[in-house]
Amino acid sequence: MLRVQIASTMAMTETTCKDPVIHNHWHAIAAIEDTGSHVHHTRLLGEDLTYQASTARDTSDSTGDHEFAVSRTAAPDKLLPVHCAYGYIWTCLGTPAQPLFTLPEYAESDRNNVCACSVGVRVSAPRAVENFLDMGHFPYVHTGILGEQPHTEVREYDVEITEDSNEVIATRCRFYQPQAAAGANEGMLVEYVYRVPHPYCSILYKSCPDDESRMDVIALFVQPVDEINIRAHALVSVIDATSAPLAIRMFQQTIFGQDKPILENQLPKKLPLDPRAETPIRADKSAVFYRRWLSRQGISYGVIPAAA
Amino acid sequence: MITLYDYELSGNCYKIRLLLSMLEIEYSKHTVEFYPAADHKSEWFKAINPLGTLPVLVDRSHEPQNAGQRRPLQQKTEKPHNEQTADLNPIDGLTLKDSAAILVYLATRYDKTASWYPSSDPAKIAQITEWLAFADGITASASQARLAEGFFYNVDADACRARAHQLFRILDEHLWFAEHRKQRWLVAGDLPTIADLACFPYIILSEEGSISRQDYPAIRRWTDRVKRIPGFIVMPGVFPIGPELSS
Amino acid sequence: MDTKPDSSSDNNHYWHPIASSTDLTPRHVFHGQLLGRELAVWRADDGNVNVWENRCLHRGVRLSIGVNDGRELVCQYHGWRYANRTAGCTYIPAHPADSPARTICNNRYPVTEQYGLIWSAESALPATHNSASVPDIDPGFLNGSITAPVADGDLNTATIRALNTEREIDAGRLLVLRPIPVNATIDIVSTVLQSYGYIHPLSNTPVHCAVEARDTYRHTTQVTPLTANDCIASNANPPAELIQLHFIIQPVDSARSVIRGFMSGSSTIEHPTTWLQLHNAALSQLRIVAEQQMQAIIPPAAWEVSITPVSESLAKMPGISNAAATTQRVVVRAITDTAKDIKSVEMAAITGDLATWQPGSHIDVLLANGLTRQYSLTNGPGQTDHYNIGVKLEAESSGGSSFIHHSLKPGDVLTVSPPRNNFSLRRDAVKTLLIAGGIGITPLLSMAKALFHSDLPFELHYFVADNSHVAFKSCLDEFGKAANIVTGLDPTETNSRLQQLLAHYENAHHVYLCGPGPMLDSAKAIAEAHSWPDESVHFEYFKNATEVSQDKPFSVALARTGITLQVPAGETLLSVLRNNAVALPSSCEQGACGTCIVDVIDGTPLHQDVYLSNAEKKRGNCMMTCVSRALSDSLTLDI
């Protein structure tokens with residue numbers, strides 16, 4: 001009771017985002033398919049927003065798409081930039097400094113694109129991204145689904161920061177997955193590629209059981225509600241004609257539901273960028289690169305910056 | 001055959017999955033997407049349960065030999081009307097729409113040991129009923145706070161948390177004095193009852209509604225004990241536990 | 001007390017209660033907090049209480065949600081295992097072939113168990129702590145009613161008091177109250193506590209207590225036995241027998257406290273349950289008052305808690321290292337005959353804790369006669385209060401085993417190295433086969449204990465001459481059918497048994513071999529013949545029987561140090577490196593233990609060790625500096 005009061009007092013004193021990189025980035029706020037023409041409410045970077053599917057003429061400004069109207073609740077007349085992409089509505093509280101990253105697979109005609117879920121988690125956005133990059137927890141947190149004991153080894157993989165697009169990319173990631181393909185009795189090594197094209201977004205490519213030449217895509221778009229609260233949005237884009245969207249959504253909700261209590265039990269909630277705050281091992285190579293990459297961009301929102 | 005209309009992330013559905021697992025009853029799951037689709041409010045589901053709530057259990061095994069336990073014959077002949085007059089739905093089976101009712105039904109019908117719901121012991125079933133009501137209070141507070149945090153339900157989460165803390169203080173005190181009397185479960189006795197299963201899910205999930213259990217050490221120990229009941233299963237948000245110390 | 005108590009003052013060392021003893025049930029992890037810092041508190045099966053910071057060092061996940069398996073605490077996120085007592089990490093499942101660096105160690109806090117309560121203090125323990133260096137609880141806390149005066153600095157003070165406490169509780173002379181968490185500052189709680197009173201259950205009248213505050217945290221009063229209800233209203237005829245009632249306020253955080261308390265009498269306290277209920281009701285009422293008073297003030301900000309940085313070496317990837325550390329002095333606690341010519345030696349730390357080890361680890365033992373010998377630890381998981389080794393009396397002993405067998409006695413002090421592990425146990429095997437010959441049982445015993453405790457599938461086959469040579473028999477019996485003792489086979493029969501055991505390789509099966517050289521040689525050859533992949537065959541030789549040649553001189557370039565050295569004939573690479581101040585850990589110095597391994601960047605090594613597998617030798621990208629040399633004229637090493 002008392003703690004609740006303290007918590008809300010602290011929430012009120014939470015200042016809005018002073019991190020220019022994050023302030024001027026696009027952030028996903030809702031699935032397009034969940035957004036109707038009535039007024040919806042959400043929060044982004046500590047500010048209350050309202051949004052709705054707009055009637056034909058509501059949005060006459062020149063930024064972004066014209067299907068949705070997003071504004072600060074405190075300034076309903078001043079529309080914020082809107083961009084519709086990958087099944088989600090994206091907005092920016094400042095001035096978009098760069099276009100949203102590309103995800104060309106989304107447009108492939110034979111893909112089943114599903115907005116799988118949006119879940120609230122009490123953690124910082126970078127902690128959620130780092131968890132998404134992590135394979136070592138599969139046998140413990142996603143037991144029987146993405147991993148299974150005793151198959152716990154994280155094999156060597158490669159990580160780089162691409163010069164052209166400034167993304168963290170982890171390749172040659174392999175991890176044992178029980179029943180990786182439908183009807184399979186034995187587990188197998190599944191290959192993954194991870195991209196981090198945005199401080200708060202990550203995309204996972206996973207070898208497709210039906211077609212060796214293609215990869216299924218699972219994308220995590222984190223909406224930073226404030227520094228230590230997020231909404232985790234998932235896009236699943238699979239080459240799978242048989243799985244119903246319901247099954248895909250339930251699968252993803254289970255995975256996020258399993259990650260949630262881990263993330264909510266991480267201390268501190270903000271991601272510490274000081275290399276000596278936590279203990280990385282070789283399996284955490286992608287996380288080490290991600291932390292360095294955040295440091296290099298001078299990100300301060302949702303992280304504890306390393307002491308200079 | 002038993003069908004459970006189920007949502008994986010629902011604590012109320014988890015109560016039923018727990019008992020089904022602990023009683024080793026086979027069943028099939030019919031997934032109802034509670035969030036974000038709100039399929040439990042859809043027309044097709046309301047035809048099954050007009051209240052639009054989860055879980056729903058349909059038991060089509062009318063013949064006792066299909067059941068895990070054969071009912072005493074005389075009981076069947078004595079009370080044929082109960083089954084006739086029970087809530088039969090169009091798909092020809094017993095349809096139950098409330099987690100407490102389902103727990104009572106499953107335990108009474110399928111528990112060979114008659115320990116989960118000792119229907120011949122008036123004091124115990126009365127105490128169990130008290131705790132089933134208490135569990136509803138936890139659902140109305142802790143579960144609502146969880147829905148607010150995780151699924152953005154528009155409820156007064158702070159009020160829900162305050163109410164949940166009141167209930168947890170009462171429960172912790174009850175359990176502390178139970179331990180003092182060498183008792184392990186909510187209702188005194190050697191074995192757990194459906195009272196424990198009815199209260200467990202939204203307590204163990206309370207932290208998803210920002211309700212810490214740090215101040216309730218007796219509750220934390222009791223959740224360990226529930227996790228060590230044979231047949232215990234986890235759900236997303238619930239961590240597994242290691243083996244008990246064998247004496 | 002809005003501001004955190006000054007940690008530079010003595011408060012830093014002030015003992016605070018953080019839990020009741022009864023809170024720490026077996027295989028449970030208690031979620032505690034002191035002065036803002038969250039704690040994971042757990043009792044191991046051996047009774048030891050661990051008070052650790054509530055953060056896994058890896059990714060900061062609370063350890064209070066982890067699994068207490070009785071020996072180790074397992075993190076829920078990645079399955080990292082931390083040992084009872086030392087808090088050292090013993091296993092990192094993501095890298096099953098590696099041994100975690102010894103320095104991966106959770107922050108521990110001091111602990112003592114007295115008056116039915118678990119006490120801790122704010123200052124974290126150094127890696128090796130001396131329990132005498134943390135101040136004791138004021139011996140006069142109970143006005144001498146429980147504890148006899150004990151000399152300060154006596155190592156057993158805490159133990160004696162704990163024993164006394166147990167005796168008092170058993171006799172019903174000490175009754176620990178149900179703790180009451182209060183959402184209020186310590187000052188408010190302290191103030192309201194001073195008007196403590198309860199309703200007498202017999203007379204149904206209020207009883208007011210004269211509470212004396214010894215300081216903000218500690219409050220004392222006296223109550224009369226419940227049977228003497230006539231005397232309650234007035235103090236006209238106070239009964240001869242008074243019961244002491246103590247309250248201690250635990251500072252959880254700036255606005256959160258726990259009232260803990262206990263009653264102590266000189267004779268059995270009657271009606272204990274009634275007393276507990278009565279105080280519970282009274283303190284719950286008091287909580288309402290305290291929390292109402294909190295409503296009137298602006299709640300203070302939560303106390304800041306600093307995060308202790310991990311050591312610099314751990315912050316760098318890969319963070320797995322086996323760097324040398326200082327030796328430690330241990331005292332021999334027991335020597336027992338465990339089989340014909342085999343003694344089991346148990347050693348305990350003189351001060352502080354022993355360094356963390358994993359199954360397969362060995363220590364160097366520096367004997368009083370000047371010799372150094374390597375012995376594998378036979379300890380099971382969580383057995384962290386001692387090292388146990390098995391020593392066979394060798395016929396041609398040059399003094400090592402002979403000294404231990406004939407001269408060493410309990411109470412003697414030895415110097416040992418920290419444990420090193422070059423024979424790591426993977427725990428990701430679908431099945432593990434352990435094959436021991438004679439005294440080679442020692443490292444495999446430790447492995448078997450770990451696998452058995454975690455319920456992982458394994459078989460232990462122990463080859464001995466006859467039953468009188470079976471060491472550690474009682475441990476083996478615990479494994480049931482998993483342990484198989486094979487007696488009396490000659491070399492040919494041994495080979496055919498090994499043929500049977502190793503006939504079928506299956507994916508993710510692993511075999512660990514330790515025993516006499518010839519047995520290992522043939523077991524390795526058989527495994528190879530049956531298509532066991534190199535990485536599934538693990539072995540440890542007792543000694544290197546290879547004829548080591550030191551004839552050929554060569555030059556060595558150190559890539560990272562940037563120098564080139566000459567290794568003359570007759571001198572080892574290791575000693576040349578040492579003479580040039582290149583520090584390299586070593587242990588057996590005869591090519592058996594693997595400690596002095598270095599990576600080779602260029603050149604072809606002349607392998608003369610028995611540590612590396614044939615495939616590793618063929619790859620030529622690492623070597624043992626103690627015995628191996630160069631086939632090429634020069635080598636480039638990654639040091």
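The model is predicted: local features need pLDDT of at least 70, side-chain atom pairs count only at pLDDT 80 or more, and totals for chains, interfaces and linings use all residues. Residues are numbered from 1 along each chain as its sequence is written, while chains are lettered from A and ligands numbered from 1 in the order in which they are written.

Select chain C. There are eleven helices and 36 strands in chain C; these are DSSP runs numbered from the N terminus, with at least four residues (H or I) for a helix and at least two (E) for a strand. Of the 639 residues in chain C, 47% are buried, that is, 20 or more other C-beta atoms, placed from the backbone, lie within 10 Å of the residue's own.

The contact takes 32 residues from chain A and 39 residues from chain C; two residues are in contact if their C-beta atoms, placed from the backbone, lie within 7 Å. On the chain C side, helix H3 (272–295) and helix H4 (312–315) each supply at least two residues. The largest share of that side, three residues, comes from H4(C).

Now select chain B. Its domain assignment gives domain 1 (2–110) and domain 2 (122–227), with bounds from an automatic or database domain assignment. In chain B, twelve residues of domain 1 are in contact with ten residues of domain 2. Helix H1 (11–22) and helix H5 (99–110) of chain B each supply at least two residues of the domain 1 side. The largest share of that side, six residues, comes from H1(B).

Methods: Buried ≥ 20, exposed ≤ 12 C-beta atoms within 10 Å, placed from the backbone.
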